[in-house]
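Take a look at the model first.

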Amino acid sequence: MSPRPAAPAHAGPAPDAGPAHEAALSPDAAPAHEAALDADTALGPQAALDPEAALDPEEIRAPAVLADPYPFFARLRRHDPVHWNAPTGAWYVARYADVYAGLTDPRLAAASSDELLASLTPEQYEAMAPVEEFFGRWLVFSDPPHQLRMRSFLRQAFTPAAVAALGPLIDERAADAADVFGRAVAADPAGADVVEDLARPFAVDVVCALLGIAPDEKSQVLAWSDALMGYLGSTPEELHRAYAAGAAADELTAYVTGTVVPRGEGLVAEALGPGLAAGEVAAEDVTAVFAQLLTGGIEPLGTGLAGTVLALHRSPGQLAAVRRGEIPHAHAVEEALRHDPPFHFAPRRASADLTVGGREIRRGQRVVLLLASANRDERQFPDGERFDARRGPVPHLAFGRGGHFCLGAVLARTQITTALRALERRLPELRLDVAAARRAPSFGKTILRPVPALI
Ligand code: HEM
């Protein structure tokens, strides 16, 4: 068993890894909607296992699936929509109705079990237990009451009104980012990359401003963030990653409680500073929130923006319609997030026996709710495999749903749409080398690298 997979907010998992390790591994599932599920699937236990459904269990880790998981997801939806995968020790839930219901099922917990820690050698335990404890404080890896309590401190900072108040800052940073990218394209078109020269710098800039990170502190904070992300999806054999993440968590705690909070700038200092001072909130919880917002504000945001730009450039007709104002930018963003969401699943563990699609799932097992597969389910989205920005806003699951629904969803939508408009104003004739654009092999998330401009 290995540490937390990189689950959303942030980040993604090797199927046989786990959230910190748990994420992709063992399932459980949930309740009341079973009737709805059966009605939806209309299959009943036996039928769920169409003879063709004898998917090769190793397929989930095949290079072709890591390069592009969508054909595999389509096979899962057709042949084995609630798939037990022995090699990774998890259930994979592929259809929209099941994933949609699973995201609100209280019997599907986000917190990982102690199973991993119990399986470690003393040396591994010494390195990994503190890191697991740190990640266990993250909202996305915890359950009520802790998760809800921390969320209640933050909610006000992410309302539509709060995000609207950030409008001028986001506009300004988007214009700056588009300008920097414009100069990079002018200087060396083939060398300019939408992810590295536009999307990620824009995401870093905005989240650092929101969190009160001073410009000269940015590179150090990003180094800590990278060390933490480097642990997600790692294995107990990679103890150097655990040690690096442990050190980063300690240094980040000193920085957040010793510099950011006393300075009183940024949404974490504002939302959690008084609680920390009053001893109502632990320093480790303040840092865990800070780290989750930092990583949540960078990777999926960058992927979401670059993914929208790439999807439009791959559909010249739709790009032209957006540029003519026939398709709202916000609709293109929604469709890109539906069609290829930055995070492909929400990791859960069953806290009770339950049935999904006629499959009996036992308490303690892991359930991988495949958001990216659900988003292409033809039962919910006709012609779901096709990118179609004229579809308009649809109830996709790229931001999850229910108790763990992405706290940054309004902010992310605003940021990506604003950056898309700024890019169009700055480079109305931009062309991308879509043939050279690539997805990096990955299970659990979309990694676009490179996305180069065209001469
Ligand atoms: C396109 C960009 C983004 C995507 C696709 C995304 C996706 C997600 C998903 C799927 C979840 C739920 C995971 C689950 O149910 O296990 C989530 C949770 C979360 N996201 Fe995002 N996210 C994005 C941007 C952001 C931003 C910009 C922030 C904040 C700066 C953020 C902060 C959070 C937090 C705090 C949670 C945990 C909520 C909880 O567990 O209560 N996200 N995100």
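Three helices, α11 (194–211), α12 (218–231) and α15 (283–313), each put at least two residues into the lining of the largest pocket. The top contributor is α15, with five residues. Keep in mind that this is a predicted model, where local features need pLDDT of at least 70, side-chain atom pairs count only at pLDDT 80 or more, and totals for chains, interfaces and linings use all residues. Numbering runs from 1 along each chain as its sequence is written, and side-chain values use heavy atoms, with hydrogens and water left out.

**Pocket**
- The largest pocket holds about 420 Å³ of space; a pocket here is an open set of 1 Å grid points where a 1.4 Å probe fits, with protein on both sides within 12 Å along at least five of seven lines.
- Its lining (residues with an atom within 4 Å of a point) counts 17 residues, and Arg200, Glu299, Thr303, Ile447 and Arg449 are the closest to the centre.
- By class, that lining splits into six nonpolar, five polar and six charged residues.

**Iron site**
- The ligand's iron atom gets a single protein donor, Cys406 (SG), 2.3 Å away; donors are N, O and S atoms within 2.8 Å of the metal (3.2 Å for Na, K and Ca).
- Cys406 sits in the loop between α18 (371–374) and α19 (409–426).

**Whole chain**
- The protein chain has 19 helices and seven strands, taken as DSSP runs (H or I, at least four residues, for helices; E, at least two, for strands).
- Of its 455 residues, 58% are buried, meaning under 20% relative accessible area with a 1.4 Å probe.

Terms used: Buried < 20%, exposed > 50% of the residue type's maximum accessible area, 1.4 Å probe, protein only. Points joined across faces, edges and corners; volume = space filled by probe spheres on them. Nonpolar A, V, L, I, M, F, W, Y, C, P; charged D, E, K, R; others polar.
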